[in-house]
Amino acid sequence: MITRRTGKLLAAGLAVTALAGALAGCSAGSDGDSSADGKVYYLNFKPEQAEDWGALAAEYTKETGVQVDVQTAASGTYETTLKSEMAKSDAPTLFQVNGPVGLASWKDYASDLTDTAIYEHLNDQSVALTNDDGAPVAIPYVQETYGIIYNKKLVNDYIALPGAAITNVDEIDNFDTLKAVVEGIQANKDALGIEGAFTSAGFDSSSDWRFKTHLANIPLYYQFKADDVKGQPATITDEYLDGYQRIFDLYIDNSTTERTLLSSKTGEDANAEFALGKAVFYQNGTWAYNDIKGQAVADEDLGMLPIYIGADGEEDQGLTTGSENYWVINSEASEADQQATKDFLEWVITSDTGRESLANTMGFVTPFDTFADYLPANPFIQADAAYTAAGKTAVTWNFTVMPSEEWKNGVGQALLQYAQETGDWDGVVTAFVDGWATEYELANG
């Protein structure tokens, strides 16, 4: 998620995997239909899967002769890159939107997907986004989960110390208990051989989305739940922002890094701090597994907690689960290219090669009925399943209705000023509440 992810390509302005197939037009498609004359150009949203998509596309070209090009926008630049690429004569035939707000910007380029395999095979077709006529035009292809990743071994090392706040990690089901454990770990960091309870809360573009978007989702979730908000509201309140402050303070006051030094810290820094066992807690999601695995923390020591902010009833809260990854086929592309794109996506979700890549190489939980035998061995996904089995209520992804990237940036800037002690929390509240009303009005006025 924001996207927005860490990975080897974060520093690149645009990572390009050009999968040639220059002679593809001379070859037949997999079904010998109109896709034989078409090609696919996918603008990928997820930098950490750039190489995986490149390899998958190359395999499809090898099998079918159909040209598939994949380009990947650097973290935090997708919308800008999409606007640039869509203005070209060879525009993407396949792109992504992050939800209803994203679709609103690109609805004129969204093809009807009613007769496609990716719509037909949805476990729940209601999750597709529709146009004004009710036709499905954006299909989610991955369900993701985020929360507070933790090192089970280090938590148990803390529990073994005199005066530990808990006797079992399962006792952490609310903010007060989490706070007691985090502060206890921070106070005993030398004895535990770590640099801090939490990884650094970096505020460059590879990391700030974790706080201005994903963390900001939690107070929105509780407000929308209390007020029965559906869709995108014109205004929001500050009712749950004290909880937002509590959890953010916990992150930056019990960290590997002084709060005044966070502006230069990156997502890769935070990932390395956790993966090398220098920190116990790390706010991130299921997608982080590929960057963590195979280093200092064994898979059996990887867990994930819900993000607690001190809200009423949070003891029954599960992890935060949803999608901001929706496939859209460009309606302005040629009929041949649109058909080639539909055929490619059908192969991705039905072939052994495609399903193996999405489930086990990329580590995705998908919403398609073709993946019953392709469940990823990702411990964070297993943690989500355990919370669900225990009857916990998943926190929904409400950041897909945030009014604009500018709103997120305003919140992020205010958070950084607060962390650096060059601004106060009132600045965060203003950016959050007043900024929402302003950006909503600009988009809808």
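This is a predicted model: local features need pLDDT of at least 70, side-chain atom pairs count only at pLDDT 80 or more; totals for chains, interfaces and linings use all residues.
Is D228 buried or exposed? With a relative accessibility of 53%, D228 counts as exposed, because the cut-off for that word is over 50%. D228 lies in the loop between α9 (217-227) and α10. Look at its backbone too: phi is positive, about 55°, although D228 is not a glycine. Most residues other than glycine have a negative phi.

E421 has a positive phi of about 65° and is not a glycine either. Where does E421 sit? It is found in the loop between α16 and α17 (425-444). Its relative accessible area is 57%, so E421 is exposed.

**Into the nonpolar core**

Next, select Y244, I247, F248, F281 and F432. These are the residues with the most contacts inside the largest nonpolar core, which has 82 residues. Keep I247 highlighted for a moment. Which residues does I247 touch, leaving aside its neighbours within four places in sequence? The contacts are I148, F175, L178, L215, I307, Y308 and I309. Another core, of 33 residues, lies apart from the largest one; W327, A340, L358 and F371 are among its members.

**Following the rings**

A pair of aromatic rings is described by the distance of the centres and the angle of the planes. For F248 and Y418, the centres are 6.3 Å apart and the planes are at 35°, which makes the pair tilted. F248 belongs to helix α10 (residues 241-253) and Y418 to helix α16 (residues 405-419), so this pair ties together parts that are 170 residues apart in sequence. F248 has a relative accessibility of 0% and therefore counts as buried. Y418, at 11%, counts as buried as well.

What sits over the ring of Y418? The charged end of R259 does, 5.2 Å from the ring centre.

Now widen the view to F198, F203, F211, Y244, F248, Y251, F281, W407, Y418, W425, F432 and W436. Ring pairs link these residues into a cluster. Across the structure there are 35 aromatic pairs.

For another of these pairs, select Y141 and W327. Why is this pair called stacked? The ring centres are 4.4 Å apart and the planes meet at 10°, and planes under 30 degrees apart count as stacked.

**A serine in a loop**

Move to S206, in the loop between β8 (196-198) and α8 (209-215). S206 counts as buried because its relative accessibility is 4%. Show G267 alongside it: the backbone nitrogen of G267 lies 2.8 Å from a polar atom of the S206 side chain.

**Pairs of opposite charge**

Side chains of opposite charge can pair when their charged atoms come close. How many salt bridges does a search of the whole structure find? The search finds 14, and the next selections show some of them.

- Select K153 and D157. Their side chains meet in a salt bridge of 3.0 Å, N to O. Both residues lie in helix α5 (residues 152-159), four residues apart, about one turn of the helix. K153 is partly exposed, with a relative accessible area of 45%, and D157 is partly exposed at 29%.
- Select E183 and K179. This salt bridge is 2.8 Å, N to O. The two residues are four apart in helix α6 (residues 175-187), so about one helical turn separates them. E183 is partly exposed at 35%, and K179 is partly exposed at 31%.
- Select R355 and D352. Their side chains form a salt bridge of 2.9 Å, N to O. R355 and D352 are three residues apart in helix α14 (residues 352-361), about one turn of the helix. R355 is buried, with a relative accessible area of 15%.

For the last stop, select D208, K212, E405 and K408. Salt bridges link these four residues in a network.

Terms used: Residues are numbered from 1 along each chain as its sequence is written. Side-chain values use heavy atoms; hydrogens and water are left out. Rings of Phe, Tyr and Trp (its six-membered ring) pair if their centres lie within 6.5 Å; planes under 30 degrees apart count as stacked, over 60 as edge-to-face and the rest as tilted. Buried means under 20% relative accessible area, exposed over 50%, partly exposed in between (1.4 Å probe, protein chains only). A charge sits over a ring if NZ of Lys or CZ of Arg is within 6 Å of the ring centre and within 35 degrees of the ring normal. A nonpolar core is a set of buried Ala, Val, Leu, Ile, Met, Phe, Trp, Tyr and Cys residues joined through side-chain atoms within 4.5 Å. Contact means heavy atoms within 4.5 Å. A polar contact is a pair of N or O atoms within 3.5 Å; within protein, one must be able to donate a hydrogen and the other to accept it, and residues adjacent in sequence count only if both atoms are side-chain atoms.
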